[in-house]
Amino acid sequence: MTVLDAARQIGIKIPTLCHNDYLKPYGGCRLCLVEQVGRPVLAPACTTVISPGLEINTESERITASRKFILELLLSRSPNSEKIQKLAKEHGIEYDNADSLDVIGKYLLHRAPKRRETDCILCGLCVRACQEVTERHALSISERGISRNVKPPFGKSAESCIGCGACAYVCPTKTITVEEVS
């Protein structure tokens with residue numbers, strides 16, 4: 001059992017973006033960071049396994065500052081995400097969204113996901129759903145640093161995409177949507 005699972009069982013709310021109960025824990029968004037008493041580094045609640053004697057603090061000035069910083073970074077990358085805007089507001093961050101988005105890519109087959117790259121927060125949920133649920137591996141996280149993005153592996157087209165929509169279903173920012181392609 002993870003710290004996040006235990007917290008949810010007793011009614012403690014820890015914010016997450018990259019967590020999905022049906023996928024393996026990943027810890028990519030870093031929004032669920034908690035303090036382990038006696039350790040200097042914050043740990044992701046979704047991947048930290050409970051052990052005897054483990055003491056966790058889920059709310060402190062340090063955690064609040066960390067979450068605000070992460071949300072500000074996520075807003076700068078994904079300003080149109082209603083979910084991130086809602087979380088930001090819950091954490092006292094005011095943000096006025098004036099940006100608009102363009103669709104930059106379409107994947108294959110009868111039902112094809114569309115991506116709005118500017119909204120992607122690189123949480124990896126779409127990649128993990130494609131790999132763990134459908135076992136198709138039609139998406140991957142490519143490049144490094146500021147060029148990092150989600151696209152078909154090795155820069156090829158998404159030939160292995162079956163158009164199931166699993167990636168769109170788990171996307172917390174609605175960066176990937178599914179529409180009929182003619």
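These legends describe close-up views of a predicted model. Residues are numbered from 1 along each chain as its sequence is written, and side-chain values use heavy atoms, with hydrogens and water left out. Because the model is predicted, local features need pLDDT of at least 70 and side-chain atom pairs count only at pLDDT 80 or more, while totals for chains, interfaces and linings use all residues.

**Figure 1. The protein chain holds five helices and eight strands.** Helices (H or I, at least four residues) and strands (E, at least two) are DSSP runs, numbered from the N terminus. Along the sequence the pattern reads α-β-β-β-α-α-β-β-α-β-β-α-β. The chain has 182 residues, and 45% of them count as buried. Buried means under 20% relative accessible area, exposed over 50%, and partly exposed in between (1.4 Å probe, protein chains only). Contact means heavy atoms within 4.5 Å. Among contacts with a separation of 6 or more, 53% come from residues 24 or more positions apart.

**Figure 2. Three strands form an open sheet in the order E2-E1-E3.** The pairing is antiparallel. Two strands pair if DSSP finds at least two bridges between them. Strands E2 (43-44) and E3 (56-57) are the edges, and each pairs on one side only. Helix H2 (residues 61-77) packs on this sheet and touches E1 and E3. The direction of H2 makes about 155° with that of E1. Axes are lines fitted to C-alpha atoms, for helices over the stretch in contact, and angles run from 0 to 180 degrees between N-to-C directions.

**Figure 3. Strand E1 (residues 33-36) is joined to E2 by two bridges.** Val-34 has Ala-43 of E2 as its bridge partner. Six residues lie between the strands in the hairpin of E1 and E2. Gly-38 in this hairpin takes a positive phi near 90°. Two bridges also join E1 to E3, and these strands run antiparallel. In a regular strand the side chains alternate between the two faces of the sheet. Both faces of E1 are covered. Leu-33 and Glu-35 are buried on one side, Val-34 and Gln-36 on the other.

**Figure 4. Gln-36 sits in strand E1.** Gln-36 counts as buried because its relative accessible area is 8%. Its bridge partner in E3 is Ile-56. Gln-36 touches Ala-43, Thr-48, Leu-54, Glu-55 and Ile-56, leaving aside residues up to four places away in sequence. Gln-36 and Glu-55 are 19 residues apart along the chain, and their C-alpha atoms are separated by 5.8 Å.

**Figure 5. Helix H2 packs against helix H3 (residues 82-90).** Their axes are 10 Å apart, at an angle of about 150°. H2 is therefore roughly antiparallel to H3. Angles under 35 degrees count as roughly parallel, over 145 as roughly antiparallel, 65 to 115 as roughly perpendicular and the rest as oblique. The crossing is left-handed, meaning that the near helix is turned anticlockwise from the far one by less than a right angle. H2 contributes Leu-71, Leu-74 and Leu-75 to the contact. H3 contributes Ile-84, Gln-85, Leu-87 and Ala-88. The contact has six nonpolar, one polar and no charged residues. Ala, Val, Leu, Ile, Met, Phe, Trp, Tyr, Cys and Pro count as nonpolar, Asp, Glu, Lys and Arg as charged, and the others, Gly among them, as polar.

**Figure 6. Helix H4 (residues 125-132) is mostly covered.** Six of the eight residues of H4 are buried. They are Leu-125, Cys-126, Val-127, Arg-128, Ala-129 and Cys-130.
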